[in-house]
Amino acid sequence: MIDWEEMAARGGASWVESANDPEGGFPLDNLPYCVFTCGDRRHPRPGIRIGDFILDLARAGGSGILEGLDHSVLTACHAHTLNKLMACEPAALAALRERLQRLLHARADQATRDAMEVLLSPAAAATLLKPVDPPDFTDFYASLDHAANVGRIFRPDTPLLPNYKFVPIGYHGRASSIAVSATGVRRPRGQAKPAGGAPAFGPTHSLDYEVEIGFYMGPGNSFGEPIGIAQAGEHIFGVSLVNDWSARDIQSWEYQPLGPFLGKSFATSVSPWVVPLAALKPFRVPAALRAAGDPDPLDYLWNPDDQHSGAIDLVVEVFLLTPALRAAGAGPHRLSRANLRDLYWTPAQLIAHHTSNGCNLVPGDLLASGTISGSQPGSAGCLLELTHGGGKPIVLPNGEKRIALEDGDEVILRGHCRRDGYPRISLGECRGTVLPADACLPSIVR
Ligand code: CA
């Protein structure tokens, strides 16, 4: 008998050899979802990553190996996005995950392996598509270090506004311009006002990135019915990397009094992998400690379990590959490294706050953390902070300087979880290259 609980705790071995590399990032314990096409299978289909391969969930659903699972799950395996899977009951999804872990486990019999092997495609040969069509996109501002750093640039006297430590601040983003990793991002045009000059319209001179983690929602809540903080964490289907591209000159001219608008809405990149929340269980950690004198969260945002293990120990890194670095054969240069666990608010607090007024979340909604910055040098999650508002350019190993992204620059986000005794869990990458303002694009979304 396999002790599945023990296996989950230790990290199980798979008959897919590449899944057993403890540094590989895609072990049996991860199994992130994606949507892909491969070879002559040209219809987008859900898949899950195991080692160096993608398991075709559409074909698995038709092959009988998923027999007995909830009908909603089997139907969702044939959809063109993960939205339908996200609408399934968590218990039905847990059953799918357990079934797949059994089928892919090293102790699976030969007949099972033979039936599964034909459903695998090399990940390197697949085309990864936008995994979810989020009905809605909300971007939070949950890193106190980011809020304070940005505040110091714009308001040296009052870097942190008085509401910050009470209210999880967020704004309503655009879902239509969310694009999957590797989609080019055209330099946006917009209205800006140079210091001492008149407002003018043209390509942004201050293009920036923001490294964030996105939380995709499961079934969500009924209109008018808040999600309590005790249940809020269970409403997350999974997580992805998010790059909230930002045109700072447009943003700084337009943002008062109603917040970000066209300086953000031109593009948001997401990674192709959606890591199920279950894969992150070993990496749950206490909510970040609040400084002495900070207010306690109000009751609707406070829960003992959430305080005990509501944060996630998840490292995010940003790399920059410029055309000159690429031409010289150099690798991307790391700009920052920070951790999701340091956010001022936990994911459950963000969800409880979002729904506290009765606003309904629906399956596939994307809630992003906001820029993830830390308190240490080299942990700031955007160029605005790294360059102190453009006053101190960053210098790359080849001598190039940047205060903003230039055409041809590629921004690469990476994320992973690591803990002694457990295999590394990777979120993969979220890449995006800046294209000139006059570049032709057939469609930025797919
Ligand atoms: Ca943001």
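Student: What are the protein donors of the calcium ion?

Tutor: They are Asp139 (OD), Glu210 (OE), Glu212 (OE) and Asp244 (OD), at 2.2 to 2.3 Å from the calcium ion. Water is not among the atoms, so the site may look incomplete. Please keep in mind that this is a predicted model, in which local features need pLDDT of at least 70, side-chain atom pairs count only at pLDDT 80 or more, and totals for chains, interfaces and linings use all residues. Residues are numbered from 1 along each chain as its sequence is written, and side-chain values use heavy atoms, with hydrogens and water left out.

Student: How are the donor residues of the calcium ion spaced in sequence?

Tutor: The spacing reads D-x70-E-x1-E-x31-D. Aspartate 139 and glutamate 210 link distant parts of the chain, being 71 residues apart. Aspartate 139 sits in strand β6 (residues 137–140), while glutamate 210 is in the loop between β12 (207–208) and β13 (211–217). Strands here are DSSP runs of E with at least two residues, and helices are runs of H or I with at least four, numbered from the N terminus. Both aspartate 139 and glutamate 210 are buried.

Student: What makes both faces of β6 count as covered?

Tutor: Phe137 and Asp139 on one side, and Thr138 and Phe140 on the other, are all buried. Buried means under 20% relative accessible area, against over 50% for exposed and in between for partly exposed (1.4 Å probe, protein chains only).

Student: Which strands does β6 pair with, and in which sense?

Tutor: β6 pairs with β7 in the antiparallel sense over four bridges, and three bridges join β6 to strand β22 (residues 366–368), which runs parallel to it. Two strands pair if DSSP finds at least two bridges between them, so both partners pass. Threonine 138 has histidine 172 in β7 as its bridge partner, and aspartate 139 has alanine 368 in β22.

Student: What makes β4 and β5 edge strands in the open sheet?

Tutor: The sheet has five strands in the order β4-β3-β2-β1-β5, paired antiparallel. β4 (120–122) and β5 (127–128) each pair on one side only, and they are the edge strands. Strand β1 (residues 33–38) and β5 share two bridges; threonine 37 has threonine 127 in β5 as its bridge partner.

Student: Why is threonine 346 called buried?

Tutor: Its relative accessibility is 3%, so threonine 346 counts as buried. The residue lies in the loop between β21 (333–339) and α12 (347–355). Leaving aside neighbours within four places in sequence, threonine 346 is in contact (heavy atoms within 4.5 Å) with Ala287, Asp306, Gly310 and Ala311.

Student: What lines the largest cavity?

Tutor: Its lining is Ala311, Ile312, Leu340, Arg341, Leu343, Trp345, Thr346 and Pro347, or six nonpolar, one polar and one charged by class. Here Ala, Val, Leu, Ile, Met, Phe, Trp, Tyr, Cys and Pro count as nonpolar, Asp, Glu, Lys and Arg as charged, and the others, Gly among them, as polar. On a 1 Å grid over the protein atoms alone, a cavity is a set of points where a 1.4 Å probe fits but cannot get out, a pocket is an open set with protein on both sides within 12 Å along at least five of seven lines, and lining residues have an atom within 4 Å of a point. The largest cavity holds about 30 Å³, taken as the space filled by probe spheres set on points joined across faces, edges and corners.

Student: Which element gives the most to the lining of the second largest pocket?

Tutor: That is α7, with five residues. This pocket holds about 760 Å³, and of its 33 lining residues, Tyr141, Ile169, Tyr255, Gly259 and Pro260 lie nearest its centre. By class the lining is 16 nonpolar, 10 polar and seven charged. The buried residues of α7, which are His146, Ala147, Ala148, Val150 and Gly151, pack against α13 (383–386).

Student: Why is leucine 31 called buried?

Tutor: At 2% relative accessibility, leucine 31 falls under the cut-off, so it counts as buried. Leucine 31 also has a positive phi of about 50 degrees although it is not a glycine.

How values were computed: Donors are N, O and S atoms within 2.8 Å of the metal (3.2 Å for Na, K and Ca); water is not among the atoms, so sites may look incomplete.
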